[in-house]
Amino acid sequence: MPQHHPSPPAPLASAVVTSLALSVCLGVGACSFEDAGPGADATDERAVPVEVGDVERRSLTYRRVVSGSLEAAAEFVVAPKVGGRIEQLEVDLGEAVARGQVVARLDDEEFVQDVQQAEANLAVAKASFAEAQSVLEIAKRSLTRLETLRADGVTSEAELDVGRAESVASRARLDVAQANVSRAESALRAARIRLGYTVVTADWNNDDEFRLVGERFVDEGGNVPPNGALFSVVQLDPIVAVVFVAERDYRLLALGQQAVLTTDAFPGRTFEGRLARISPVFRSASRQARVELELGNPDAALKPGMFVRATLELDHVDNAITVPYEALTERDDRTGVLVLEEATSRVRWQPVTTGIRDGDRIAVREQGVGGRVVTLGHELCDDGALVHVVAAKPVNRPSGPGADDELR
């Protein structure tokens, strides 16, 4: 025979239901239900416990934290234009280099010999030129005598033609000798230039007078080919931080924007920089664009290759209507807030268009938002719901630079 358990008395059942409801409330947070008015029975409207936050006018700054690495503002490789054995290195890794300073010397014996040979060739060319000048003078005088004799009828026309040909040939030989002298002078200049290349200097065009040796690639006694790398020389003041920015923030970038950078190498220390260059293209793999920040580095504390985090100030608005970020909720694919009507203790659903976010505050553009808005308890409220405001509790949400992405 099936057994039938008697139902509990109505007052006892009501107490059980009330106890369960309070248990649920305590499980999700401090809350209490209040009657809509005196004498209401169990079917009367109940007030929903909520937490609220103030609508305030504030100045907001939209910041993004991006990571990247440091690079030298300028870097070049010092290399000799000629090959040879390295006789002496004048600088070493990490040392300061002045503009135009000698940094290395190559064995110059062969180049000295080339200069001496070029000087000898020039001397020979000059001697040949002097000889050609003398021959030309003799040919000119001979031609003059033949022309006089021909006028007197003493010599023949054929002899006069031979004299004229000899004069022309002498002039041509003189021109060749002059060309040989010019060629020998050019060869001597080239030999001296190559000899000068054995003394290697570091030079650049910027205003900075000193830079640092970033790397050394060779040792004394080794052989280096033409244009073989000896040193890399870097400019560290200013220094450049290279970061990559996503598409959604790219439109907010502008040259000259300020940035604050930190690095694990110097905990607690910040460095101020500015946005100096923006790439016009995105990397296809990451859909991010290269951005270069320039910052002063007078003490050379920052080094190329260091990892940095940069906080970019991308946007700013003054006197904006702001609500707590927790107040935003979604209804029917629209973003809005529940505005508390103080006189009736009811809430009004207000769709909003969000602006920039700064920490736990976000800007909204609607003028109809004012007073206080619901920050906790949205899921229990509909438009026009009766609510009961409970004591607000601190909410552990990120704020300031690096906060969660905001709706824009």
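Me: Let's start with R277: how accessible is the residue?
Reply: R277 has a relative accessible area of 38%, so it is classed as partly exposed. Keep in mind that this is a predicted model.

Me: Thanks! Which residue does R277 meet in a salt bridge?
Reply: That would be E294, with 3.8 Å from N to O. R277 sits in strand 11 (residues 271-283) and E294 in strand 12 (residues 288-295), so the pair ties together parts 17 residues apart in sequence.

Me: How many salt bridges does the whole structure have?
Reply: A search of the whole structure gives 22.

Me: Why do such pairs form at all?
Reply: Side chains with opposite charges can pair when their charged atoms come close.

Me: What about E342, which residue does it pair with?
Reply: E342 and R372 meet through their side chains in a salt bridge, at 2.9 Å from N to O. E342 is in the loop between strand 15 (334-341) and strand 16 (346-351), while R372 belongs to strand 19 (residues 372-376), so this pair ties together parts that are 30 residues apart in sequence.

Me: How accessible are those two?
Reply: E342 is partly exposed at 45% relative accessible area. R372 is also partly exposed, with 26%.

Me: And D219, what does it pair with?
Reply: D219 forms a salt bridge with R216, and the closest N and O atoms are 2.6 Å apart. D219 is partly exposed at 46% relative accessibility, and R216 counts as partly exposed at 35%.

Me: Switching topic: which residues gather in the negative patch on the surface?
Reply: The patch of negative charge is made of E87, D108, E109, E110 and D114. Helix 2 (residues 109-152) gives the largest share, 3 residues.

Me: Where is D108 found, then?
Reply: D108 is in the loop between strand 5 (101-106) and helix 2. Its relative accessible area is 31%, so D108 is partly exposed. A patch member needs over 30% relative accessible area and no salt bridge, so D108, at 31%, passes the area cut-off.

Me: What does S167 touch?
Reply: Leaving out residues up to four places away in sequence, S167 touches L136, A139, K140 and L143.

Me: Zooming out, how many helices and strands does the chain have?
Reply: There are 4 helices and 20 strands.

Me: What share of the chain is buried?
Reply: Buried residues make up 36% of the 408 residues.

Me: And what about the accessible surface of the chain, how much is there?
Reply: About 23600 Å², with 51% of it belonging to carbon and sulfur atoms.

Me: Last one: what share of the contacts with a separation of 6 or more comes from residues 24 or more positions apart?
Reply: Those residues account for 75% of such contacts in the chain.

Notes: Residues are numbered from 1 along each chain as its sequence is written. This is a predicted model: local features need pLDDT of at least 70, side-chain atom pairs count only at pLDDT 80 or more; totals for chains, interfaces and linings use all residues. Side-chain values use heavy atoms; hydrogens and water are left out. Patches are made of residues with over 30% relative accessible area and no salt bridge: like charges are joined within 9 Å, nonpolar side chains (Val, Leu, Ile, Met, Phe, Trp, Tyr) within 5 Å. Accessible areas come from the Shrake-Rupley method with a 1.4 Å probe; for residues, only the protein chains shown count as cover. A salt bridge is a side-chain nitrogen of Lys or Arg within 4 Å of a carboxyl oxygen of Asp or Glu. Lys and Arg count as positive and Asp and Glu as negative; His and the chain ends are not counted. The place of a charge is taken as NZ of Lys, CZ of Arg, CG of Asp or CD of Glu. Helices (H or I, at least four residues) and strands (E, at least two) are DSSP runs, numbered from the N terminus. Buried means under 20% relative accessible area, exposed over 50%, partly exposed in between (1.4 Å probe, protein chains only). Contact means heavy atoms within 4.5 Å.
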